[in-house]
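These are my notes from one sitting with one structure. I wanted to look up the ligand site, the contact between domains and the salt bridges.

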Amino acid sequence: MSTTPAFTYQSAPSRIIFGTGSVGSLAAEIEALGCKKVLVLSTPFQKSDAEKLAQDIGPLAAGVYSDAQMHTPVNITASALAAYAAAGADGIVSIGGGSTIGLGKALSWRNKAPHLVVATTYAGSEVTDILGQTEDGVKTTVRDPAIRPETVIYDANLTLGLPVAMSVSSGLNAIAHAVEGLYAQDRNPVTSLMAVEAIRALKDALPRIVKVPQDVAARSDALYGSWLCGVVLGSVGMSLHHKLCHTLGGTFDLPHAETHAILLPHTAAFNAVAAQDALAPAADLFGGDLGGGLYDLATELGAPMALRDLGVTEGDLQKAADLAVKNAYWNPRDITRDGILTLLLDALDGRRPSLEK
Ligand code: NAD
(Lines give C-alpha, C1' and ligand atoms only; values in the text may rest on other atoms or scores of the structure.)
Protein backbone atom coordinates (compact mmCIF):
# COMPACT_ATOMS: atom_id res chain seq x y z
CA MET A 1 0.00 0.00 0.00
CA SER A 2 1.46 3.39 -0.93
CA THR A 3 1.55 6.11 1.67
CA THR A 4 2.11 9.86 1.62
CA PRO A 5 5.82 10.46 2.18
CA ALA A 6 6.94 12.95 4.84
CA PHE A 7 7.40 16.49 3.57
CA THR A 8 7.99 20.09 4.64
CA TYR A 9 5.81 22.79 3.11
CA GLN A 10 6.77 26.44 3.52
CA SER A 11 4.29 28.83 1.91
CA ALA A 12 5.75 32.00 0.45
CA PRO A 13 3.89 35.25 1.09
CA SER A 14 3.17 37.17 -2.13
CA ARG A 15 0.05 39.10 -3.03
CA ILE A 16 -1.10 38.12 -6.52
CA ILE A 17 -3.49 40.29 -8.52
CA PHE A 18 -4.47 38.29 -11.59
CA GLY A 19 -6.80 39.30 -14.39
CA THR A 20 -7.20 41.14 -17.65
CA GLY A 21 -7.26 44.86 -16.86
CA SER A 22 -5.82 44.30 -13.38
CA VAL A 23 -3.03 46.83 -14.01
CA GLY A 24 -5.77 49.38 -13.28
CA SER A 25 -5.36 48.53 -9.61
CA LEU A 26 -1.67 49.51 -9.58
CA ALA A 27 -2.16 52.84 -7.79
CA ALA A 28 -4.30 51.22 -5.07
CA GLU A 29 -1.73 48.43 -4.65
CA ILE A 30 1.11 50.94 -4.32
CA GLU A 31 -0.84 52.78 -1.62
CA ALA A 32 -1.65 49.49 0.12
CA LEU A 33 2.09 48.94 0.48
CA GLY A 34 2.37 52.33 2.18
CA CYS A 35 4.42 53.93 -0.62
CA LYS A 36 4.16 57.60 -1.54
CA LYS A 37 6.45 57.64 -4.62
CA VAL A 38 7.73 54.71 -6.66
CA LEU A 39 10.52 54.49 -9.20
CA VAL A 40 9.24 52.62 -12.27
CA LEU A 41 11.79 50.26 -13.86
CA SER A 42 11.99 48.72 -17.34
CA THR A 43 14.42 47.70 -20.06
CA PRO A 44 15.07 50.21 -22.87
CA PHE A 45 12.72 48.08 -25.04
CA GLN A 46 9.79 48.62 -22.66
CA LYS A 47 10.55 52.26 -21.83
CA SER A 48 7.28 53.49 -23.36
CA ASP A 49 5.30 50.90 -21.32
CA ALA A 50 7.02 52.15 -18.15
CA GLU A 51 6.32 55.78 -19.05
CA LYS A 52 2.66 54.98 -19.67
CA LEU A 53 2.46 53.23 -16.30
CA ALA A 54 4.10 56.22 -14.60
CA GLN A 55 1.62 58.54 -16.29
CA ASP A 56 -1.31 56.37 -15.19
CA ILE A 57 -0.30 56.48 -11.51
CA GLY A 58 0.33 60.26 -11.67
CA PRO A 59 1.69 61.69 -8.39
CA LEU A 60 2.65 58.21 -7.13
CA ALA A 61 5.43 58.04 -9.76
CA ALA A 62 8.84 59.40 -8.77
CA GLY A 63 10.24 58.75 -12.25
CA VAL A 64 11.24 56.06 -14.74
CA TYR A 65 14.57 54.22 -14.94
CA SER A 66 14.69 52.26 -18.19
CA ASP A 67 18.19 50.80 -18.41
CA ALA A 68 17.56 47.33 -16.92
CA GLN A 69 19.69 44.64 -18.55
CA MET A 70 19.91 40.86 -18.61
CA HIS A 71 21.66 39.22 -15.61
CA THR A 72 21.51 42.33 -13.36
CA PRO A 73 24.99 43.83 -13.89
CA VAL A 74 26.07 45.60 -10.68
CA ASN A 75 27.06 48.80 -12.50
CA ILE A 76 23.45 49.17 -13.72
CA THR A 77 22.24 48.53 -10.16
CA ALA A 78 24.56 51.30 -8.94
CA SER A 79 23.19 53.80 -11.46
CA ALA A 80 19.57 52.77 -10.65
CA LEU A 81 20.30 53.19 -6.93
CA ALA A 82 21.47 56.74 -7.62
CA ALA A 83 18.29 57.42 -9.63
CA TYR A 84 16.18 55.98 -6.78
CA ALA A 85 17.84 58.22 -4.21
CA ALA A 86 17.72 61.32 -6.44
CA ALA A 87 14.00 60.80 -7.10
CA GLY A 88 13.24 60.49 -3.37
CA ALA A 89 11.43 57.21 -4.04
CA ASP A 90 10.19 54.90 -1.28
CA GLY A 91 9.14 51.94 -3.41
CA ILE A 92 9.77 50.20 -6.71
CA VAL A 93 7.56 49.10 -9.58
CA SER A 94 9.11 46.77 -12.16
CA ILE A 95 7.32 46.28 -15.46
CA GLY A 96 8.79 43.50 -17.58
CA GLY A 97 10.45 40.11 -17.38
CA GLY A 98 13.29 38.60 -15.39
CA SER A 99 15.82 41.29 -16.36
CA THR A 100 13.77 44.21 -15.05
CA ILE A 101 12.54 42.25 -12.05
CA GLY A 102 16.18 41.36 -11.22
CA LEU A 103 17.03 45.06 -11.09
CA GLY A 104 13.92 45.74 -9.00
CA LYS A 105 14.94 43.00 -6.57
CA ALA A 106 18.48 44.40 -6.34
CA LEU A 107 17.11 47.86 -5.48
CA SER A 108 14.38 46.78 -3.08
CA TRP A 109 16.71 44.39 -1.25
CA ARG A 110 19.40 47.03 -0.75
CA ASN A 111 16.91 49.75 0.27
CA LYS A 112 14.52 47.47 2.20
CA ALA A 113 11.83 49.05 0.00
CA PRO A 114 8.55 47.49 -1.14
CA HIS A 115 8.63 46.02 -4.65
CA LEU A 116 5.61 45.65 -6.87
CA VAL A 117 5.93 43.78 -10.17
CA VAL A 118 3.84 43.98 -13.31
CA ALA A 119 5.00 40.73 -14.94
CA THR A 120 5.09 40.61 -18.75
CA THR A 121 6.99 37.39 -19.55
CA TYR A 122 6.70 33.83 -18.29
CA ALA A 123 10.11 33.65 -16.54
CA GLY A 124 8.64 33.52 -13.02
CA SER A 125 11.23 35.67 -11.23
CA GLU A 126 8.46 37.83 -9.73
CA VAL A 127 7.52 35.14 -7.19
CA THR A 128 10.98 33.87 -6.21
CA ASP A 129 13.39 34.92 -3.48
CA ILE A 130 16.34 34.50 -5.88
CA LEU A 131 18.52 37.33 -7.16
CA GLY A 132 21.22 36.64 -9.76
CA GLN A 133 23.75 39.44 -10.23
CA THR A 134 26.81 39.80 -12.46
CA GLU A 135 30.07 41.60 -11.86
CA ASP A 136 33.00 41.39 -14.30
CA GLY A 137 31.16 38.62 -16.15
CA VAL A 138 30.79 36.46 -13.02
CA LYS A 139 27.25 35.61 -11.98
CA THR A 140 26.44 35.05 -8.31
CA THR A 141 23.10 34.15 -6.78
CA VAL A 142 21.62 35.26 -3.46
CA ARG A 143 18.53 33.80 -1.79
CA ASP A 144 16.72 35.72 0.89
CA PRO A 145 12.99 35.89 1.67
CA ALA A 146 13.36 39.71 1.67
CA ILE A 147 14.14 39.52 -2.08
CA ARG A 148 10.66 38.23 -3.00
CA PRO A 149 8.47 41.06 -4.35
CA GLU A 150 5.50 41.92 -2.14
CA THR A 151 2.87 42.26 -4.89
CA VAL A 152 2.58 40.91 -8.42
CA ILE A 153 0.09 42.04 -11.05
CA TYR A 154 -0.57 39.66 -13.96
CA ASP A 155 -2.52 41.39 -16.71
CA ALA A 156 -2.67 39.51 -20.02
CA ASN A 157 -3.25 42.77 -21.94
CA LEU A 158 0.34 43.76 -21.15
CA THR A 159 1.71 40.54 -22.65
CA LEU A 160 0.04 40.90 -26.07
CA GLY A 161 3.19 42.62 -27.38
CA LEU A 162 5.55 39.85 -26.26
CA PRO A 163 6.83 38.60 -29.64
CA VAL A 164 5.74 35.04 -30.47
CA ALA A 165 9.32 33.69 -30.51
CA MET A 166 9.96 35.18 -27.06
CA SER A 167 6.60 33.91 -25.79
CA VAL A 168 7.50 30.39 -26.88
CA SER A 169 11.00 30.37 -25.36
CA SER A 170 9.77 32.04 -22.19
CA GLY A 171 6.90 29.56 -21.90
CA LEU A 172 9.22 26.56 -22.29
CA ASN A 173 11.59 28.18 -19.78
CA ALA A 174 8.65 28.25 -17.36
CA ILE A 175 7.76 24.60 -18.02
CA ALA A 176 11.35 23.70 -17.12
CA HIS A 177 10.79 25.07 -13.58
CA ALA A 178 7.75 22.83 -13.19
CA VAL A 179 9.41 19.69 -14.59
CA GLU A 180 12.40 20.06 -12.28
CA GLY A 181 10.05 20.88 -9.41
CA LEU A 182 8.29 17.54 -9.87
CA TYR A 183 11.41 15.50 -9.10
CA ALA A 184 13.01 17.97 -6.67
CA GLN A 185 14.38 16.32 -3.54
CA ASP A 186 12.46 18.80 -1.37
CA ARG A 187 9.19 18.65 -3.35
CA ASN A 188 5.88 18.49 -1.52
CA PRO A 189 2.32 17.66 -2.58
CA VAL A 190 1.39 21.32 -3.06
CA THR A 191 4.30 22.20 -5.36
CA SER A 192 3.71 18.98 -7.33
CA LEU A 193 0.04 19.87 -7.87
CA MET A 194 1.07 23.35 -8.98
CA ALA A 195 3.72 21.97 -11.33
CA VAL A 196 1.37 19.61 -13.15
CA GLU A 197 -1.36 22.25 -13.45
CA ALA A 198 1.26 24.71 -14.74
CA ILE A 199 2.49 22.33 -17.45
CA ARG A 200 -1.10 21.60 -18.47
CA ALA A 201 -1.94 25.32 -18.73
CA LEU A 202 1.17 26.24 -20.74
CA LYS A 203 0.99 23.19 -23.01
CA ASP A 204 -2.55 24.24 -23.86
CA ALA A 205 -1.91 28.01 -24.13
CA LEU A 206 1.34 28.23 -26.12
CA PRO A 207 0.05 26.69 -29.39
CA ARG A 208 -2.92 29.08 -29.22
CA ILE A 209 -0.57 32.05 -28.79
CA VAL A 210 1.50 30.93 -31.79
CA LYS A 211 -1.68 30.78 -33.89
CA VAL A 212 -3.20 34.04 -32.61
CA PRO A 213 -0.70 36.18 -30.65
CA GLN A 214 -3.47 38.61 -29.68
CA ASP A 215 -5.63 35.87 -28.11
CA VAL A 216 -6.17 37.40 -24.65
CA ALA A 217 -7.59 34.17 -23.20
CA ALA A 218 -4.53 32.18 -24.34
CA ARG A 219 -2.23 34.91 -22.99
CA SER A 220 -4.09 34.78 -19.71
CA ASP A 221 -3.77 30.98 -19.49
CA ALA A 222 -0.03 31.23 -20.19
CA LEU A 223 0.41 33.86 -17.45
CA TYR A 224 -1.52 31.64 -15.04
CA GLY A 225 0.76 28.70 -15.87
CA SER A 226 3.88 30.84 -15.60
CA TRP A 227 2.84 32.10 -12.15
CA LEU A 228 2.51 28.50 -10.93
CA CYS A 229 5.88 27.61 -12.51
CA GLY A 230 7.47 30.58 -10.76
CA VAL A 231 6.06 29.53 -7.40
CA VAL A 232 7.52 26.05 -7.92
CA LEU A 233 10.91 27.55 -8.86
CA GLY A 234 10.85 29.68 -5.73
CA SER A 235 9.80 26.82 -3.45
CA VAL A 236 11.99 23.81 -4.24
CA GLY A 237 15.51 23.08 -5.44
CA MET A 238 16.37 22.81 -9.12
CA SER A 239 18.69 20.15 -10.57
CA LEU A 240 20.42 19.11 -13.80
CA HIS A 241 18.38 21.23 -16.21
CA HIS A 242 18.90 24.55 -14.42
CA LYS A 243 22.55 23.80 -13.58
CA LEU A 244 23.33 22.91 -17.22
CA CYS A 245 21.58 26.03 -18.52
CA HIS A 246 23.47 28.11 -15.97
CA THR A 247 26.79 26.54 -17.03
CA LEU A 248 26.14 26.91 -20.75
CA GLY A 249 24.63 30.40 -20.43
CA GLY A 250 27.41 31.68 -18.21
CA THR A 251 30.32 30.07 -20.08
CA PHE A 252 29.22 30.83 -23.64
CA ASP A 253 27.03 33.90 -23.02
CA LEU A 254 23.86 32.29 -24.40
CA PRO A 255 20.37 33.81 -24.26
CA HIS A 256 18.53 32.65 -21.12
CA ALA A 257 15.08 31.53 -22.28
CA GLU A 258 16.26 30.00 -25.59
CA THR A 259 18.89 27.88 -23.82
CA HIS A 260 16.22 26.56 -21.45
CA ALA A 261 13.86 25.89 -24.36
CA ILE A 262 16.45 23.85 -26.29
CA LEU A 263 17.66 21.76 -23.35
CA LEU A 264 14.30 21.00 -21.72
CA PRO A 265 13.28 17.90 -23.77
CA HIS A 266 16.77 16.46 -23.29
CA THR A 267 17.10 16.99 -19.55
CA ALA A 268 13.51 15.77 -19.01
CA ALA A 269 14.22 12.59 -21.00
CA PHE A 270 17.52 12.07 -19.17
CA ASN A 271 15.89 12.29 -15.75
CA ALA A 272 12.65 10.52 -16.71
CA VAL A 273 14.29 7.10 -16.27
CA ALA A 274 15.22 7.86 -12.67
CA ALA A 275 12.14 9.86 -11.65
CA GLN A 276 9.37 7.95 -13.39
CA ASP A 277 6.85 8.07 -10.55
CA ALA A 278 7.36 11.75 -9.76
CA LEU A 279 7.11 12.70 -13.44
CA ALA A 280 4.19 10.38 -14.28
CA PRO A 281 1.42 13.03 -14.00
CA ALA A 282 3.37 15.31 -16.36
CA ALA A 283 4.25 12.45 -18.73
CA ASP A 284 0.53 11.56 -18.88
CA LEU A 285 -0.13 14.99 -20.40
CA PHE A 286 2.20 13.96 -23.27
CA GLY A 287 0.96 10.42 -23.85
CA GLY A 288 3.47 8.89 -21.43
CA ASP A 289 6.74 10.14 -23.00
CA LEU A 290 7.73 13.42 -21.34
CA GLY A 291 11.02 14.07 -23.18
CA GLY A 292 9.61 13.11 -26.58
CA GLY A 293 6.37 14.99 -25.87
CA LEU A 294 8.22 18.16 -24.92
CA TYR A 295 10.35 17.79 -28.05
CA ASP A 296 7.21 17.53 -30.20
CA LEU A 297 5.61 20.51 -28.43
CA ALA A 298 8.74 22.62 -29.00
CA THR A 299 8.78 21.58 -32.68
CA GLU A 300 5.09 22.43 -33.08
CA LEU A 301 5.70 25.85 -31.49
CA GLY A 302 8.62 26.62 -33.81
CA ALA A 303 10.93 26.93 -30.79
CA PRO A 304 14.70 27.05 -31.14
CA MET A 305 15.76 23.39 -31.16
CA ALA A 306 19.54 23.30 -31.67
CA LEU A 307 22.35 24.73 -29.54
CA ARG A 308 24.31 25.04 -32.80
CA ASP A 309 21.88 27.80 -33.84
CA LEU A 310 23.02 29.80 -30.79
CA GLY A 311 26.64 29.53 -32.01
CA VAL A 312 27.65 26.59 -29.78
CA THR A 313 30.24 24.10 -31.16
CA GLU A 314 31.02 20.47 -30.30
CA GLY A 315 34.25 21.65 -28.65
CA ASP A 316 32.23 23.95 -26.39
CA LEU A 317 30.16 20.98 -25.28
CA GLN A 318 33.24 18.95 -24.32
CA LYS A 319 34.12 21.83 -22.02
CA ALA A 320 30.54 22.10 -20.74
CA ALA A 321 30.46 18.35 -19.98
CA ASP A 322 33.68 18.75 -17.96
CA LEU A 323 32.14 21.62 -16.00
CA ALA A 324 28.84 19.79 -15.50
CA VAL A 325 30.46 16.93 -13.58
CA LYS A 326 32.78 19.22 -11.61
CA ASN A 327 30.24 20.86 -9.33
CA ALA A 328 28.33 18.22 -7.42
CA TYR A 329 24.60 18.78 -6.80
CA TRP A 330 21.61 16.55 -6.23
CA ASN A 331 19.89 15.10 -9.29
CA PRO A 332 17.51 12.13 -9.54
CA ARG A 333 19.85 10.40 -12.01
CA ASP A 334 23.62 10.04 -11.63
CA ILE A 335 25.46 12.61 -13.68
CA THR A 336 28.31 11.10 -15.70
CA ARG A 337 30.43 12.92 -18.24
CA ASP A 338 29.43 10.49 -21.02
CA GLY A 339 25.74 10.76 -20.19
CA ILE A 340 25.84 14.56 -20.18
CA LEU A 341 27.85 14.70 -23.39
CA THR A 342 25.35 12.46 -25.20
CA LEU A 343 22.51 14.67 -23.95
CA LEU A 344 24.33 17.85 -25.04
CA LEU A 345 25.21 16.43 -28.48
CA ASP A 346 21.54 15.61 -29.07
CA ALA A 347 20.72 19.22 -28.09
CA LEU A 348 23.53 20.55 -30.31
CA ASP A 349 21.78 19.33 -33.44
CA GLY A 350 18.24 19.43 -32.12
CA ARG A 351 17.87 15.62 -32.37
CA ARG A 352 15.02 13.85 -30.63
CA PRO A 353 16.23 12.94 -27.12
CA SER A 354 17.84 9.50 -27.10
CA LEU A 355 18.44 8.86 -23.41
CA GLU A 356 14.94 8.01 -22.27
CA LYS A 357 15.47 4.23 -22.24
P1 NAD B 1 13.85 39.65 -20.20
O2 NAD B 1 13.32 40.22 -18.99
O3 NAD B 1 15.32 39.82 -20.48
O4 NAD B 1 13.01 40.19 -21.44
C5 NAD B 1 13.48 40.04 -22.78
C6 NAD B 1 13.08 41.25 -23.60
O7 NAD B 1 11.67 41.22 -23.80
C8 NAD B 1 13.39 42.58 -22.92
O9 NAD B 1 13.83 43.50 -23.87
C10 NAD B 1 12.03 42.98 -22.36
O11 NAD B 1 11.91 44.35 -22.18
C12 NAD B 1 11.11 42.47 -23.45
N13 NAD B 1 9.75 42.21 -22.98
C14 NAD B 1 9.37 41.64 -21.82
N15 NAD B 1 8.03 41.56 -21.76
C16 NAD B 1 7.56 42.10 -22.90
C17 NAD B 1 6.24 42.29 -23.42
N18 NAD B 1 5.16 41.85 -22.79
N19 NAD B 1 6.11 42.88 -24.62
C20 NAD B 1 7.22 43.27 -25.31
N21 NAD B 1 8.48 43.09 -24.88
C22 NAD B 1 8.65 42.52 -23.69
O23 NAD B 1 13.57 38.07 -20.33
P24 NAD B 1 13.14 36.99 -19.26
O25 NAD B 1 13.33 35.69 -19.93
O26 NAD B 1 11.85 37.32 -18.66
O27 NAD B 1 14.23 37.14 -18.10
C28 NAD B 1 15.54 36.66 -18.24
C29 NAD B 1 16.39 37.05 -17.04
O30 NAD B 1 15.68 36.78 -15.85
C31 NAD B 1 17.70 36.30 -16.93
O32 NAD B 1 18.70 37.19 -16.48
C33 NAD B 1 17.42 35.24 -15.88
O34 NAD B 1 18.58 34.81 -15.23
C35 NAD B 1 16.48 35.98 -14.97
N36 NAD B 1 15.56 35.10 -14.22
C37 NAD B 1 15.64 35.14 -12.86
C38 NAD B 1 14.79 34.36 -12.10
C39 NAD B 1 14.86 34.44 -10.61
O40 NAD B 1 14.07 33.78 -9.94
N41 NAD B 1 15.76 35.22 -10.06
C42 NAD B 1 13.84 33.54 -12.72
C43 NAD B 1 13.78 33.52 -14.10
C44 NAD B 1 14.65 34.32 -14.85
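**Ligand site**

I began with the 23 residues around the ligand, of which Thr43, Ser99, Thr120, Thr121 and Thr128 come nearest. A residue is near a molecule if one of its heavy atoms lies within 4 Å of it.

Before going on I noted that this is a predicted model, where local features need pLDDT of at least 70, side-chain atom pairs count only at pLDDT 80 or more, and totals for chains, interfaces and linings use all residues. Residues are numbered from 1 along each chain as its sequence is written, and side-chain values use heavy atoms, with hydrogens and water left out.

Next I looked up polar contacts (pairs of N or O atoms within 3.5 Å; within protein, one must be able to donate a hydrogen and the other to accept it, and residues adjacent in sequence count only if both atoms are side-chain atoms). Ser99 has a polar side-chain atom 2.5 Å from an oxygen atom of the ligand. For a polar side-chain atom of Thr128, I read 2.6 Å to an oxygen atom of the ligand. Leu158 takes part through its backbone, with a polar atom 3.1 Å from a nitrogen atom of the ligand.

**Two domains**

I found domain 1 (15-159) and domain 2 (164-349) in the domain assignment, which is automatic or from a database. Domain 1 gives 22 residues to the contact and domain 2 gives 24, where contact means heavy atoms within 4.5 Å. Their centres, taken over C-alpha atoms, are 26 Å apart.

How much area is buried between domain 1 and domain 2? I read about 1800 Å², with 64% from carbon and sulfur atoms. Buried area is the accessible area (1.4 Å probe) that two parts lose on being put together, summed over both. Five residue pairs are in polar contact between domain 1 and domain 2, both residues at pLDDT 80 or more.

**Salt bridges**

A salt bridge is a side-chain nitrogen of Lys or Arg within 4 Å of a carboxyl oxygen of Asp or Glu. I counted zero between domain 1 and domain 2, while the whole structure has twelve. One of the salt bridges joins the side chains of Asp56 and Lys52 (2.8 Å, N to O).
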